[in-house]
Each structure stands twice: as C-alpha cells, then as structure tokens.
Amino acid sequence: MGLSMSRNDGSGSASLKSAPPPVVLVPPLFERDLRMRNRMAHSSYDYMFAKPAMRFLFDDYVNALGRTWLNFRPTEDPRVSVAAVFDTPLEDPKQATGLINLRFQPNPDDYSNFFDIKAAAKSGGIARARACYFDPTRGLGAWGSLPLLASSVTGPEHRAHLGVRYSSPIWTAGAVVSPALKGEASLEHLWVGGQQGSFSFGAQCSPNQPFSKLQGGIGGGAQSLLDALAEHTSYALAYTPVSAQAPGRGTFTAAVEVQEQRQMVVSFLYHMAVQRNVRNPFESRDAAAIVNYVDVGLQVATDVASAGNGNAPPASSAASLAVAWQANKGLLVKAKVGTDSIGAAVAFKSWWHPSWVAAASANWLFATNSPKFGITLGVENHGNIRYERPKEVVLRGAAVVQRHIALPADIRNREGEGLLVTPDQFDDKNILGQVPRAADQCL
C-alpha cells in the first residue's frame with residue numbers, strides 16, 4: 001500500500017518508488033515585509049513597543065472605508081518602486097483622497113537609503129521630495145524632506161523637515177526640526193530609547209513649537225522650560241521575553257505608555273505560530289498538518305490629565321480587543337470589539353505574480369447605532385516573504401485526550417451490555433446502591 005509501481009524502464013524490470021512522506025504545510029505570513037521600509041526617516045520611538053504590529057492588527061482591513069493600494073516594483077529595474085493608496089468613504093465618495101510615492105533605492109534590498117517623491121490629493125495639495133541616509137556600521141543617519149508646492153497651508157506635511165539620528169542595537173536618539181523656509185524654525189521631535197535584555201524603554205518630546213517660544217521658556221528659568229517640554233513628552237516601557245524575539249517562536253509584548261501627561265495606554269500583543277490538523281479537501285493528500293498564525297491584542301487608554309492642567313485638552317478613555325487568524329496562505333480573518341464599535345473582516349490573498357488582496361469588513365458603531373462597511377483591494381509584487389514555525393508541537397484537538405487499554409467493563413459498555421448480576425447478588429446493597437451514609441442518619 002505504501003509503494004507505487006513506476007513505468008517500465010525499458011530493461012524489462014520495474015522499479016519501486018516509495019510514497020512521499022507526510023508533510024506539514026508552512027504558509028507565508030499574509031503581509032510582506034514592507035511596513036518598516038520608511039523607519040529610518042521617522043522617530044524610532046514610533047516604531048518601538050510593538051506599535052507597528054498593533055496598528056496593523058487594529059486597523060488594516062477592518063477600516064470602514066473603501067481602500068485601494070498598490071506596491072509595485074518593475075523587474076527591469078528593482079531599484080525603482082511605486083506605492084499608492086486611495087481611500088474613499090463609502091457614505092461620502094466626494095471625500096476621497098489619494099497618495100502616490102515614487103521611490104529610488106541604490107540597493108533594492110536596503111530600505112535605509114532612498115530618495116522619493118510623494119504627492120497627495122488632500123486639502124491644500126501635498127507634493128514633497130525626501131531623501132534618507134543611514135550607515136548601520138556607525139549608527140548615524142540623516143534625512144530631510146522639502147515641499148515642492150507653494151501653499152498657504154502651514155500644516156506639518158507642508159513644511160520642510162530635517163532629522164538626524166543615532167541608532168544601535170541597544171540605544172537610539174535623534175531629533176527632527178523644521179527649518180525656517182517659511183515662517184519660524186521649530187522643533188518637531190526629540191527622542192531617546194534603548195533596549196536591555198527583555199525590556200525596552202524610551203521617551204519622546206513633540207513640542208511642534210518655534211524655537212523662539214522655547215527660548216522664551218528658557219528666559220523664564222530652567223524649571224519653566226522643563227514644565228513646558230513635559231507637557232509634550234511621552235514615556236513608554238515594554239517587556240518582550242528574549243526567547244520570544246527569535247523568528248517563529250511567538251512574540252509577546254506588554255507595554256505601558258504615558259502620552260503627554262494626558263493618557264496612559266496599556267497594551268498587550270501576542271503573536272504565535274500554531275500547528276493544526278489539515279481539514280481542507282483541496283490540500284494535497286500528503287499534508288498531515290498546517291501552521292496557522294494567530295494574533296491577539298488588547299489596548300486600554302485611560303485619561304490621566306490632571307484637573308488643574310488647563311493647557312492639556314481632555315483625553316478620551318477607551319478599550320479595545322482584536323484577534324486575527326491566518327488559516328492558510330490565502331485567508332485572514334479579523335475581529336475586534338471596543339468601547340466605541342464592534343467589527344470583523346475577512347481577507348483573501350492570491351500569491352500570483354503580482355499577488356492581489358481582497359477584503360471586506362463590517363462595523364457597528366455604538367455612538368450612532370448604525371453599521372459601516374468597508375472594502376480593500378490591493379496589488380503587490382515585491383517585499384520579503386516570511387515564514388514561521390511553531391516552537392514545539394503541542395497536544396491539540398483530539399490529541400489532548402489520553403488513552404489506556406480498554407478493560408473488560410469498557411468493552412461491555414461499548415457493546416451495550418450492563419453488569420451481569422448473579423442470583424446470590426440480588427440483595428447486595430453495594431450493587432443496589434443502597435449503602436447508607438453516616439449523614440443519612442441525621443435529622
């Protein structure tokens with residue numbers, strides 16, 4: 001039964017070929033490794049403490065809007081890539097927005113050094129050029145962005161930015177400023193962070209204020225300046241077991257963050273690769289099991305703004321729980337529930353070249369007692385494909401049940417035969433279940 005006869009080899013003899021052994025299917029992770037490619041042109045603080053993974057878990061595919069996106073890189077020149085996103089509120093299509101990013105990387109496999117041009121169809125219009133450089137051997141980097149359109153709008157996306165950083169495996173620090181191309185020069189961000197063993201920690205100050213105003217704080221004394229900066233400073237501490245940081249071994253992160261003296265955010269994220277038996281008739285017969293990916297995230301935000309702090313606007317308190325399950329290479333299911341809404345999404349992916357994604361979501365808003373729906377369509381042809389394997393094969397499903405050799409009574413019970421009572425046992429109180437208990441004699 002375990003052998004199959006092969007075609008005659010022409011010499012009159014036949015060779016025997018053994019059947020293929022059972023295998024465990026390991027699908028790729030649903031998302032390609034593209035989400036961190038702009039990391040070196042932003043504050044490290046915004047990419048620590050599992051923040052990107054939490055944003056993906058709670059936001060992607062569950063959004064109540066129509067979204068179309070493209071990540072494409074021509075095979076003729078992989079140094080060039082294009083990314084585009086178009087968002088359309090289904091209840092008001094006139095509020096649609098679009099963004100396109102043309103990017104050039106001298107090394108297609110190095111996302112740290114690039115030049116790109118971004119244009120967006122938003123209020124006031126956005127068009128800017130950006131360049132980023134980072135030397136991992138020294139840990140030093142710099143980046144800058146320059147608006148290409150003259151605009152009366154003075155928002156952050158319409159200003160020039162210049163950033164410098166130091167980043168090593170255990171420490172990071174940097175600053176982002178807005179040069180005085182239009183108006184006054186201002187300080188956007190200052191950050192510092194580190195990682196020691198299983199703990200990561202950091203702080204970020206985001207005053208977004210002109211230097212002249214900060215100098216006024218200096219004139220009022222050191223304490224006045226520190227108080228002004230403290231209002232715009234966030235702190236965070238996170239714990240991720242060292243053993244969980246290895247690929248394919250699960251990732252557990254618990255984090256606490258105080259945001260600008262207004263909110264305290266407690267978050268929990270657990271990502272795991274688990275193995276289950278194959279129940280899909282479309283899989284090959286030699287597939288004994290398949291690896292699934294499961295993400296569980298919990299986030300609670302509490303208003304901690306003091307009543308006497310009149311400068312800080314009140315922050316809202318909220319709680320939300322999200323779960324994602326990737327059943328195979330092409331199916332992802334998400335569900336989330338929070339104090340403001342409840343929603344679910346299902347996404348399908350075809351790993352053609354290029355690969356495409358289609359997703360649908362439904363949400364119920366508690367504030368308005370009304371539903372909102374969303375759809376997502378995406379196309380991509382580049383990005384690292386990642387795999388994970390479970391740390392160990394644990395008992396699951398039917399395998400959780402222990403087994404022992406059946407006793408004669410077990411066999412009789414399976415055959416529907418009760419206990420055979422002989423005549424001399426007819427009045428046996430033990431067999432009749434009539435043995436009195438001590439408490440039965442008490443009133």
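**Exercise 1. Decide whether phenylalanine 199 is buried, partly exposed or exposed.**

*Solution.* Start with the relative accessible area, which for phenylalanine 199 is 42% in this model. Keep in mind that the model is predicted. Next, bring in the cut-offs: buried means under 20%, and exposed means over 50%. With its 42%, phenylalanine 199 is therefore partly exposed.

**Exercise 2. Find the ring that pairs with phenylalanine 199 and classify the geometry of the pair.**

*Solution.* There are 10 aromatic pairs in the structure. In one of them, the ring centres of phenylalanine 199 and tyrosine 239 are 5.2 Å apart. Now look at the planes: they meet at 55°, so this pair counts as tilted. Then place the partners along the chain. Phenylalanine 199 belongs to strand S13 (residues 199-205) and tyrosine 239 to strand S15 (residues 233-239), so that the pair links distant parts of the chain, 40 residues apart. Tyrosine 239 is partly exposed, at a relative accessible area of 33%. Finally, widen the view: Phe199 and Tyr239 share one aromatic cluster with Phe252, Phe268 and Tyr270.

**Exercise 3. Classify the pair formed by tryptophan 352 and tryptophan 356.**

*Solution.* The ring centres lie 6.3 Å apart. Because the planes of tryptophan 352 and tryptophan 356 stand at 75°, the pair is edge-to-face.

**Exercise 4. Describe how S13 is set among the strands it pairs with.**

*Solution.* Begin on one side, where strand S12 (residues 186-196) runs antiparallel to S13 and 7 bridges join them. Leucine 190 has cysteine 205 in S13 as its bridge partner. The hairpin of S12 and S13 has 2 residues between the strands, and in it glycine 197 adopts a positive phi near 65°. Move on to S15, which is also antiparallel to S13 and joined to it by 7 bridges. Here alanine 203 has tyrosine 235 in S15 as its bridge partner. Last, consider burial: 5 of the 7 residues of S13 are buried, so this strand is largely enclosed by the rest of the structure.

**Exercise 5. Work out which element gives the most residues to the largest nonpolar core.**

*Solution.* This core has 17 residues, and those touching the most other members are Phe30, Leu57, Tyr61, Leu332 and Ala347. Two or more residues come from each of helix H1 (51-59), strand S19 (318-328), strand S21 (341-350) and strand S22 (355-365). Among the contributors, H1 gives the most, with 4 residues. A separate core of 14 residues lies apart from this one, and includes Ala41, Phe49, Phe114 and Val176.

Now turn to H1 itself. Its buried residues are Lys51, Pro52, Met54, Phe56, Leu57 and Phe58. Their cover includes S19 as well as strand S16 (251-259), strand S17 (263-277), strand S18 (287-303) and strand S20 (331-338). After H1 comes tyrosine 61, with a positive phi near 70°. Beyond its neighbours within four places in sequence, phenylalanine 30 has contacts that include Tyr61, Leu332, Ala347 and Val357.

**Exercise 6. Which charged ends sit over the rings of phenylalanine 114 and phenylalanine 56?**

*Solution.* For phenylalanine 114, the charged end belongs to arginine 103, 3.7 Å from the ring centre. For phenylalanine 56, the charged end is that of lysine 334, 4.0 Å from the ring centre.

Methods: Residues are numbered from 1 along each chain as its sequence is written. This is a predicted model: local features need pLDDT of at least 70, side-chain atom pairs count only at pLDDT 80 or more; totals for chains, interfaces and linings use all residues. Side-chain values use heavy atoms; hydrogens and water are left out. A nonpolar core is a set of buried Ala, Val, Leu, Ile, Met, Phe, Trp, Tyr and Cys residues joined through side-chain atoms within 4.5 Å. Buried means under 20% relative accessible area, exposed over 50%, partly exposed in between (1.4 Å probe, protein chains only). Contact means heavy atoms within 4.5 Å. Rings of Phe, Tyr and Trp (its six-membered ring) pair if their centres lie within 6.5 Å; planes under 30 degrees apart count as stacked, over 60 as edge-to-face and the rest as tilted. A charge sits over a ring if NZ of Lys or CZ of Arg is within 6 Å of the ring centre and within 35 degrees of the ring normal. Two strands pair if DSSP finds at least two bridges between them.
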